[in-house]
Amino acid sequence: MATATLSIDLSALIDNWRALDARSACETAAVVKADGYGLGADRVARALNHAGVTRFFVAATEEGASLREALGPGPEINVFSGHMSGDTDMIADMTLTPMLNSAEQMLRHFEALPQAPFGVQLDTGMNRLGMEPAEWDALKDIALDLGPTLLMSHLACADDPEHPMNPQQLATFRQMTDGLNVPRSLAATGGILLGEDYHFDLTRPGVGLYGGMPFVDATPVAQLDIPVIQIRDVEPGESVGYSNTWIAERPSRVATIAAGYADGIIRAMGENAWLHAGDDACKVIGRISMDMIGVDVTDLAEEPTSLQLLGSHQSVDTLAEAAGTIGYEILTSLGQRYYRRYKP
Ligand SMILES: *Cc1c(COP(=O)(O)O)cnc(C)c1O
């Protein structure tokens, strides 16, 4: 088989949720946007629901609709992007809860679906989504009359516990919501780790569930094993791969493995990335191709049949560092060609 195997450990996912739930001084939801951070929203959400999670968040209404099909009636599905034009039927038919972001979205929702549940997203300084303090002041009486399920905001710098933006956003969130008697949510993974002041009534972890930073105690969830297609010997002076960027300095053995940048293995990581054969680390050599990568296996005692890119030896964050990005991007770039195996 010339496709790599992506193993997704659902019990590690649930362990991560339980660990974040234990640190949350309140209810803990789960964020499953972008197809469950690339690991399969349906499978991930069903496993979490089975473990007791009843509130989910997605980015877009379409994601919410397909999640509803996977979960059936019951669990609450919240949509960060709110009530967009054209979404009304899907919101109603699939019983989704939009987080309304603006006066325009409020008007749209209250006119089209006056009985349907909604939350409100507030901007406390990130300037990405949500109502600003003045706008909220003007509209909150109308919104509160209709009984929002949640008032939420999002932290811009929660991955850095010392950042002054955190207490600043916390204070703004408090000013905007204290005394309103509606459930509140401010913290994603990073916010949970900032402590109880940031938790309010509901936390919304995403990346930590999937084994990524800033949750340093996370258990890895994704493991990626890539089959070796061919192994060859090269002499000193011979080159490997496009543009001859790697030239052998010693008699070498080169394994060509069956995955590349089309599978989300970011080309820019190039020779900064490592693969593992058991406990032995092997260096990527030459350019990462669309469907193949060259790996230096000269020092291995045995010829490998596959090499591991993600797993206990290399986390999504280590790989992200090699590519100059973050674990979130590694996860959400994971390729569609992989054979996906779910460990219950
Ligand atoms: C993505 C997202 C989350 C989850 O964030 P993580 O850092 O992955 O835990 C929570 N809230 C909002 C608004 C988001 O966009």
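Cys157 has a relative accessibility of 17% and therefore counts as buried (under 20% relative accessible area, against over 50% for exposed and partly exposed in between, with a 1.4 Å probe and protein chains only). Cys26 is likewise buried, at 17% relative accessibility. Zero disulfides are present in the structure, a disulfide being a pair of cysteine sulfur atoms within 2.5 Å. The model is predicted, so local features need pLDDT of at least 70 and side-chain atom pairs count only at pLDDT 80 or more, while totals for chains, interfaces and linings use all residues. Residues are numbered from 1 along each chain as its sequence is written, and side-chain values use heavy atoms, with hydrogens and water left out.

Helix α10 spans residues 316–323, and because six of its eight residues are buried, the helix is largely enclosed by the rest of the structure. Helices (H or I, at least four residues) and strands (E, at least two) are DSSP runs numbered from the N terminus. Val316, Asp317, Leu319, Ala320, Ala322 and Ala323 are the buried residues of α10, and they pack against β18 (306–310) and α11 (327–333). After α10 comes Gly324, with a positive phi near 65°.

Notes:
Contact = heavy atoms within 4.5 Å.
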